[in-house]
Amino acid sequence: MMKKSSPDFLLRRLCNILSAGVCAASFGLSLPVLSQEYPTKPIRLIVPFPPGGGTDILARLVGHKLTASMGQQVIVDNRPGAGGSLGAEIAVKSSPDGYVLVLVSASYAVNASLHKLAFDPLRDLVPIAQVASVAFVLVAHLSLPAGNVKELIALAQSKPGQINYASTGHGSAPHLAGELFTMMTQTKMTHVPYKGGSPAMADLMGGQVQLLFSTVVQALPQIKAGRLKPIAVAGTKRSPVLPDVLTIDESGIRGYDVSNWFGMLAPRRTPELIVARLNREIVQGLQGADVKSRLGADGVDVVGSTPAEFAELIRRDSEKFARIVKALGIRPE
């Protein structure tokens with residue numbers, strides 16, 4: 001039997017240590033190499049809402065920029081449902097390799113308060129960057145006999161429950177915007193949820209519903225064409241593309257504030273170097289004069305945050321929306 005102190009044993013031990021060192025060095029080099037080579041195939045960008053809405057419009061713009069800068073096609077995949085949580089869940093269950101991403105809206109921060117989710121929004125997806133922020137604008141069908149907040153309140157009080165307002169889904173930010181409006185104005189209106197901004201807008205245009213809290217980017221073309229009328233902006237300041245439209249706060253409902261944001265996420269355990277690469281590419285793409293000009297013309301504020309800043313926004317809004325849901329007594333579906 002060989003003694004542990006024999007020359008053969010010591011030689012084998014030394015070889016094992018050297019081999020482990022070589023493996024460790026190789027592994028240490030693998031992540032930077034992976035980051036440099038990424039991406040080597042098309043990237044799937046999940047949009048948890050139907051085509052045509054604000055999230056979809058931004059996703060296609062960002063996807064186009066990433067395609068140009070990263071040399072691989074970014075394919076937008078619309079997966080609507082449950083206020084955006086169905087598409088997010090698909091991303092959660094995907095491989096954490098940077099080839100499946102999801103672009104979410106502020107509704108992502110609401111879902112945990114109103115849906116029984118199969119994932120943790122604060123843990124199971126990794127923030128990459130907040131892409132943009134945009135105000136909501138309350139728009140109405142032309143047949144609605146109200147043109148401002150004061151007239152709308154009077155109409156709703158005279159016809160309790162008879163005015164229908166659409167949203168992009170139960171528990172979505174537009175839904176909470178409507179519920180908060182009715183609570184603060186002591187009115188009663190009927191909520192009609194849809195699976196995204198596009199079908200909600202289509203029914204508003206058709207007169208099946210009378211009101212919708214829409215993103216400015218989606219509503220602006222219809223307002224400019226005279227097919228819808230703006231009632232008020234939901235944020236704390238007027239929209240630069242709708243300078244004559246008062247905010248709800250300015251209209252006398254002091255303290256009213258619901259706004260929207262959009263950001264990119266990846267599955268948990270996606271390598272940090274890939275997250276950093278995606279963040280860098282997104283931020284650089286958003287700085288282009290063409291992007292700022294196009295989005296600015298639609299009333300969208302370009303952001304391009306760090307992953308940490310976006311994570312803090314999600315955490316803060318999740319807490320804020322949870323308080324609103326509790327105060328309003330909205331029940332999960």
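Asn-148 caps the N-terminal end of H5, with a side-chain oxygen 3.2 Å from the backbone nitrogen of Lys-150. A polar contact is a pair of N or O atoms within 3.5 Å; within protein, one must be able to donate a hydrogen and the other to accept it, and residues adjacent in sequence count only if both atoms are side-chain atoms. This is a predicted model: local features need pLDDT of at least 70, side-chain atom pairs count only at pLDDT 80 or more, and totals for chains, interfaces and linings use all residues. Residues are numbered from 1 along each chain as its sequence is written, and side-chain values use heavy atoms, leaving out hydrogens and water.

H5 covers residues 149-158, and its buried residues are Val-149, Leu-152, Ile-153, Leu-155 and Ala-156. Down the helix axis they fall within an arc of 165 degrees (taken from the directions from the axis to the C-beta atoms), so they line one face. Turned away from that side are the exposed Lys-150 and Ser-158. Buried means under 20% relative accessible area, exposed over 50%, partly exposed in between (1.4 Å probe, protein chains only). Helices (H or I, at least four residues) and strands (E, at least two) are DSSP runs, numbered from the N terminus.

Now for the salt bridges: the whole structure has 14, each a side-chain nitrogen of Lys or Arg within 4 Å of a carboxyl oxygen of Asp or Glu.

| Pair | N to O distance |
|---|---|
| Lys-65 and Asp-290 | 2.9 Å |
| Arg-79 and Asp-77 | 3.2 Å |
| Arg-277 and Glu-281 | 3.0 Å |

Arg-277 and Glu-281 both sit in helix H9, four residues apart, and both are buried.
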